[in-house]
Amino acid sequence: MSAGTTTIPVASPSIVGEDAAFRSRSTQTSLVNRRDLTPPERQVLEQHAFDFACVPESYDIAISDGHLLRSPCGSGMASVLADRNFWHMAGGLLAPQESKPEMIRWLYSVSTEQRKTIAVYNVSKTDAVKFRDAGFVVNKFGEEPVLNPRDMTWSGKPFEWVRRQANFCVRSGIEISEITDSQQQVAIGATLVDIMEEDLAGRTFDKPLRLLEGEFDPHSLLRRRLFVAHDREGRVEAFLACSPIDGGRSWAFETYRKRKNATRGVTAYLFKTVIDTLRDEDVEQVSLCLVPGRNVRESPLGNDDWKIEKVLSLWYSQLDFIFNAKGQDHFKSRFRPRYTDRYLCVAPANSVASLWSFLKTTGATQCNWRNLSRHFRSSLFQR
């Protein structure tokens with residue numbers, strides 16, 4: 001981690017004592033609303049998220065709204081978006097590897113005893129095996145593009161497009177900087193929100209889809225890192241927020257937005273510059289975040305529910321005018337990542353009601369109909 005990265009103080013003895021009380025009350029009930037956590041409890045939660053974040057969405061638990069579920073042993077946590085009897089868990093399980101099998105078995109017992117449908121998203125292949133052994137229904141959810149910054153030399157034909165975009169931005173006077181000062185982050189917050197709203201305004205979904213996209217609050221970044229691209233006059237054209245994974249040994253490019261009239265190639269230039277920065281810090285891995293539905297039929301573990309396989313495959317291959325999964329995948333592929341399989345684990349089983357709950361919880365049932373109609377007509381002409 002760079003010297004300028006925002007840091008969170010190490011837990012003091014009083015915080016450790018607070019953690020004991022936190023553990024007690026958060027395991028006596030099924031769920032704790034994260035809005036009700038005290039500042040010391042939030043600090044404990046943030047430290048746990050930083051230490052055990054395993055996928056790009058993991059760190060959201062320290063920032064976003066929703067509920068907290070903590071395992072009886074106290075070593076495991078999960079973010080829950082609850083919709084009646086449906087519990088949606090984005091970001092995987094925040095727990096040491098040795099504690100996960102017990103936590104997964106406990107989750108299955110919660111599902112059966114309390115009659116809850118529990119869905120855990122973006123699970124690694126290793127953890128998916130543990131979920132299946134415990135009785136969960138396991139399906140491939142998509143693929144996550146990842147890269148090793150140490151290997152990124154940007155030479156040769158594979159990176160010709162990236163170099164061309166970066167060179168154009170350099171000639172246009174675009175500069176990239178990291179905003180590390182908390183006061184500067186607050187001062188620039190309104191500008192970043194405007195850019196995000198402008199970028200989303202013409203899309204089918206003019207709000208980020210929960211469970212699938214990270215929530216971004218420029219006034220509460222904590223250990224997230226913020227990079228901005230600005231022109232010669234200092235006007236911000238684009239930004240990139242990175243979330244920590246595995247104690248900051250890896251970082252995820254979770255939220256990136258640009259102005260409609262931004263310089264051509266500014267997002268690619270922003271990615272390249274930040275990758276170079278992380279390479280200089282000897283960061284182990286960069287995640288470009290999940291592409292839902294990608295190659296779901298090619299699952300090394302197989303797919304337990306053929307209906308979910310069909311839905312996710314349709315999501316990626318035929319509904320790009322709605323979700324833009326292929327468009328995002330095409331852009332990310334320009335950085336020549338390797339792809340790792342990610343899984344959806346559900347207990348006790350999938351159903352039409354659980355699928356509807358997923359769509360409702362993500363916000364996919366609240367699209368911008370005018371934009372949807374426009375994108376649909378455009379897709380017809382492209383076929």
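## Helix 7

The expected span of a helix is 1.5 Å times one less than its number of residues. Helix 7 (residues 266-280) has 15 residues and should therefore span 21 Å, in agreement with its end C-alpha atoms, which are 21 Å apart. Helices here are DSSP runs of H or I with at least four residues, strands are runs of E with at least two, and both are numbered from the N terminus.

A word on the model: this is a prediction, where local features need pLDDT of at least 70, side-chain atom pairs count only at pLDDT 80 or more, and totals for chains, interfaces and linings use all residues. Residues are numbered from 1 along each chain as its sequence is written, and side-chain values use heavy atoms, with hydrogens and water left out.

Helix 7 is mostly covered, with eleven of its 15 residues buried (under 20% relative accessible area; exposed is over 50%, partly exposed in between, with a 1.4 Å probe and protein chains only). Among the buried ones are Y269, F271, K272 and D276. Just after helix 7, D282 takes a positive phi of about 65°.

## Backbone points to check out

Most residues other than glycine have a negative phi, and most peptide bonds are trans. R84, in the loop between strand 3 (77-83) and strand 4 (86-89), has a positive phi of about 55°. R84 counts as exposed, at 55% relative accessibility.

N295 also has a positive phi, near 50°; N295 lies in the loop between strand 12 (291-292) and helix 8 (306-317) and is partly exposed, at 30% relative accessible area. Finally, the A347 to P348 peptide bond is cis, with omega near 0°.
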